[in-house]
Amino acid sequence: MAQEKAQQAKQVSRAEARRTKDKWKSKKWFNIYAPTMFSSALIGEGLAEDPNMLMGRVPEVTMQELTGDFAQMHVKLRFRINEIRGQDAHTVFIGHDLTSDYVRRQTRRKHSKMDVVQDFVTKDGWHIVIKPLAISDLRIKSSQQTAVRNLIQQALLEVGKKHTLVEIAKMIVSGEMSKDLGQIVKEIYPVKRIEIRRSEVIARRFEVPEEFADKTAQAVTSAVVTSGPAAVSAPSAPAPVLHASPAEFPEKEAVLQKLLTIPGIGPSKAFSIFDSGIHTVRDLDGADVARLMQADGITEALASKVVEALRKGATA
C-alpha cells in the first residue's frame, strides 16, 4: 500500500515538473554598450527575462578592455544601465576606481601620501566626487601637505565650473587631469605623481534652493521669496531650471516637468524616475506601479499616486 502511494506521488511530481515553465528558456541575452564617450563599445552581455530587469545594473570593465592598452588594466570603469532599445542595453558613466594592488605599488616607505576628497557640481549640473592621491618622492612637512591638498581642491572646483561631466570623465581616464594637477602643485612641491584614485557621479542637481530639494513644484511656486526690501510671491519668480543631461534625451525636460506637477514628487524623485529608464512622455504615461517602483526612493504608495495622477491628466 505504501509503495503504491509513493509511486502515485512520484508520478504526480513528474507531471507537475513537466507543467512547470522553464524560466531559463524564457530569458534572453542583451548586448550591453558603453556610453558614447567611450565610442559605444560592446562591454558585455546580460541575461534577463524582462528587459526592465536589466535597468539599474552596474557592469564594470577595465580601460584595457575598451582600448586594448595593457598599461590601463588598473583602471576600472563603472557604468549603469539606463535604457533598453530592443536587444541592446545602453549605459551611463557613474565613476571609476583604481585597483588596490596598483595603489599599493605607488606608495612606498619614506614617501608622503596625500589623499584628497572633493565634491563639486559640473558645468552641466552633475554632482560628482573626485578622490585624487598625491605622492611625493620624499617625506614633506605637514604644512606643505596641507597646502598641496588645498591647491588640488581649488583646482577641482575650477574644473567643475568650466567642464561638463563628459569632458571631466575623459580628462580622468586619459590622465590629463592628473598631469594638470601635478603642474599646479609644483609651486608648493614637485610631487612624484598624482593619481585620480576614484570618481563617483552622485546625482543630478537642480537649480532650486536646498530647502526645496524634496518639495513638490506647487510647494516651490507657492513659497515666498525675498527680492530686495520687498517680498515677492514665487509665482512671479522664474520656475526651477532643469539642465540638459549629457545623454541629451530630447524629451527629458518634458518628462521631468510633468512629474513635478504631481503632488509628492519633488526634483530628486522626478530625476530618480527618469534615471530608471523612463525617458519619454509615452514611457511615463504607460508606466504602471511596478515599473515606477524600480526607481530609487519610490514606494508602492507613491507609485500608485503617480499612476493615478497620470491617468486623471490623460482623461482631463
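The model is predicted. Strand E5 spans residues 88-98 and pairs with E1 in the parallel sense, while E4 runs antiparallel to E5. The loop between E1 and E2 contains Ser-39 and Ser-40.

**Strand E5 and its partners**

- Of the 11 residues of E5, nine are buried, so the strand is largely enclosed by the rest of the structure.
- Three bridges connect E1 and E5 in their parallel arrangement.
- Strand E4, residues 75-85, is joined to E5 by 10 bridges in the antiparallel sense.
- Gly-95 in E5 is the bridge partner of Arg-78.

**The hairpin of E4 and E5**

- Two residues lie between the strands of this hairpin.
- Gly-86 in the hairpin adopts a positive phi near 65 degrees.

- Most residues other than glycine have a negative phi.
- Ser-39 counts as exposed because its relative accessibility is 66%, where the cut-off for exposed is over 50%.
- Ser-40, in the loop between E1 and E2, likewise has a positive phi, near 50 degrees.
- Ser-40 counts as partly exposed because its relative accessibility is 31%, which falls between the 20% and 50% limits.

Terms used
Residues are numbered from 1 along each chain as its sequence is written. This is a predicted model: local features need pLDDT of at least 70, side-chain atom pairs count only at pLDDT 80 or more; totals for chains, interfaces and linings use all residues. Side-chain values use heavy atoms; hydrogens and water are left out. Helices (H or I, at least four residues) and strands (E, at least two) are DSSP runs, numbered from the N terminus. Buried means under 20% relative accessible area, exposed over 50%, partly exposed in between (1.4 Å probe, protein chains only). Two strands pair if DSSP finds at least two bridges between them.
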